[in-house]
Amino acid sequence: MSATILKLVAQRVALGIVLLLAVSVLIFVGTQILPGDVAASILGQSATPEAVANLRQELGLNDPAYVRYFRWLGGVLTGDLGKALSSGQDIASSLGGRLWNTLFLAFWAAVVSVPLAIILGLIAVRYRNGFVDKLISGLALASTSLPEFFIGYLLVYFFAVKWQIFPGISTVYEGMPFIERMQAIALPATALTLVVLAHMMRMTRAAILNVMQSAYIETAELKGLRPIEIIRRHAFPNAIAPIINVVMLNLAYLIVGVVVIEVIFVYPGMGQYLVDHVAKRDVPVVQAVGLIFAAVYIGLNIIADIAAIVANPRLRHPK
């Protein structure tokens, strides 16, 4: 790896760290300005003012905001995410299994959606402006227009209620057999696939069509190469950088944007854990999950930038 690439990678990583610190400030400030009192919500409406004041003192809520922020940030940097106010459980321990569940769901959705999106994008380019292209683009547009919760409920109605093929509630647990786990995540994985598939396919099609306007593509056509060979050997390799960016952004969405899908299917992942504790106004849990989501999103964007730099020489030599 050349010094130029190493310098660009170091710049992206440093920018990502600075951005994550800025996001941590926003997360902390956002949770602090929420209406209501954390101590009062924990003790309930029947709590006396003295009990609320004692709990605030015990939780350190009377300290200045900047002191609480740096105390929280210091804990995060040492791997201590704190304890859930509603249950007293260690947040890091509670998140371990749920993070694995979310990654498992996102992984299988990506395994299906990424290759399928690229293949459909290539087919649409091969038959551009024809019936196949219009059919694929029309279905993609319809899928993009439907909100994810609507797609989820449609899948539940048809496949769980009407046809009873898959369970409507995606219950998974540690030690669950692989086949049963796959059956449990079939519907949420399908919903996630439909949500990201259309965007990746359309961007793949647009990136390849942009390359198809180049002079060397015209030269390949004049040489008599078949259209599918031109796309496979010349267009697709040169369009790989924007395609990688789109894929990485959608992978980030699969992990970060999984909240709605997990709530619909009652899937025990990070999103469901976040929603449960937002309702309880459990600030440490909301802060921890928000920071993890931000770290995953920023990290995948950095990987996308690095992959694009490595794949495209023009990005390594912007001048």
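These are my notebook entries on one predicted model of a protein chain.

**Entry 1: the whole chain**

I began with confidence, since the model is predicted. The mean pLDDT of the protein chain is 85. I noted that 95% of its residues reach 70 or more. Then I went through the elements. Helix α7, residues 148-162, has the highest mean pLDDT, at 92. Helix α15, residues 313-316, has the lowest, at 58.

Next I looked up the secondary structure. The chain has 15 helices and 0 strands. Its C-alpha atoms fill a box of roughly 85 × 60 × 35 Å along the principal axes. Of the 319 residues, 40% are buried. I also checked how far apart in sequence the contacts reach. Among contacts with a separation of 6 or more, 70% join residues 24 or more positions apart.

**Entry 2: the nonpolar cores**

Which residues touch the most other members of the largest nonpolar core? I found Ile208 and Met212. That core holds 54 residues. Helix α8, residues 178-212, gives the largest share of this core, with 17 residues.

I followed Ile208 further. I left aside its neighbours within four places in sequence. Another core lies apart from the largest one. This other core has 20 residues, among them Phe28, Leu81, Ala84 and Val259.

**Entry 3: the largest pocket**

I turned to open space. The largest pocket holds about 620 Å³. How many residues line it? I noted 25. Those nearest its centre are Leu59, Leu61, Arg68, Pro284 and Gln287.

I then asked where the lining comes from. Four helices each supply at least two lining residues: α1 (3-32), α3 (49-59), α4 (65-77) and α14 (283-311). Helix α4 gives the largest share, 4 residues. By type, the lining divides into 10 nonpolar, 7 polar and 8 charged residues.

**Entry 4: Ile42**

Ile42 sits in helix α2, residues 38-43. Is Ile42 buried, exposed or partly exposed? Its relative accessible area is 35%, so I wrote it down as partly exposed. Buried would need under 20%, and exposed over 50%.

Not counting residues up to four places away in sequence, Ile42 touches Leu55, Leu59 and Leu85. One of these, Leu59, I had already listed among the residues nearest the pocket centre. I also checked a distance. Ile42 and Met176 are 134 residues apart in sequence. In space they are 34 Å apart, C-alpha to C-alpha.

**Entry 5: two positive phi angles**

Asn129 is not a glycine, yet it has a positive phi of about 70 degrees. Where is Asn129? I found Asn129 in the loop between α5 (91-126) and α6 (131-145). Asn129 counts as exposed because its relative accessible area is 62%.

Val266 also has a positive phi, of about 50 degrees, and is not a glycine. Val266 lies in the loop between α12 (259-264) and α13 (270-279). With a relative accessible area of 44%, Val266 is partly exposed.

How values were computed
Residues are numbered from 1 along each chain as its sequence is written. This is a predicted model: local features need pLDDT of at least 70, side-chain atom pairs count only at pLDDT 80 or more; totals for chains, interfaces and linings use all residues. Side-chain values use heavy atoms; hydrogens and water are left out. A nonpolar core is a set of buried Ala, Val, Leu, Ile, Met, Phe, Trp, Tyr and Cys residues joined through side-chain atoms within 4.5 Å. Buried means under 20% relative accessible area, exposed over 50%, partly exposed in between (1.4 Å probe, protein chains only). Contact means heavy atoms within 4.5 Å. On a 1 Å grid over the protein atoms alone, a cavity is a set of points where a 1.4 Å probe fits but cannot get out, and a pocket is an open set with protein on both sides within 12 Å along at least five of seven lines; lining residues have an atom within 4 Å of a point. Grid points are joined across faces, edges and corners, and a volume is the space filled by probe spheres set on the points. Ala, Val, Leu, Ile, Met, Phe, Trp, Tyr, Cys and Pro count as nonpolar, Asp, Glu, Lys and Arg as charged, and the others, Gly among them, as polar. pLDDT is the predictor's confidence in each residue, from 0 to 100.
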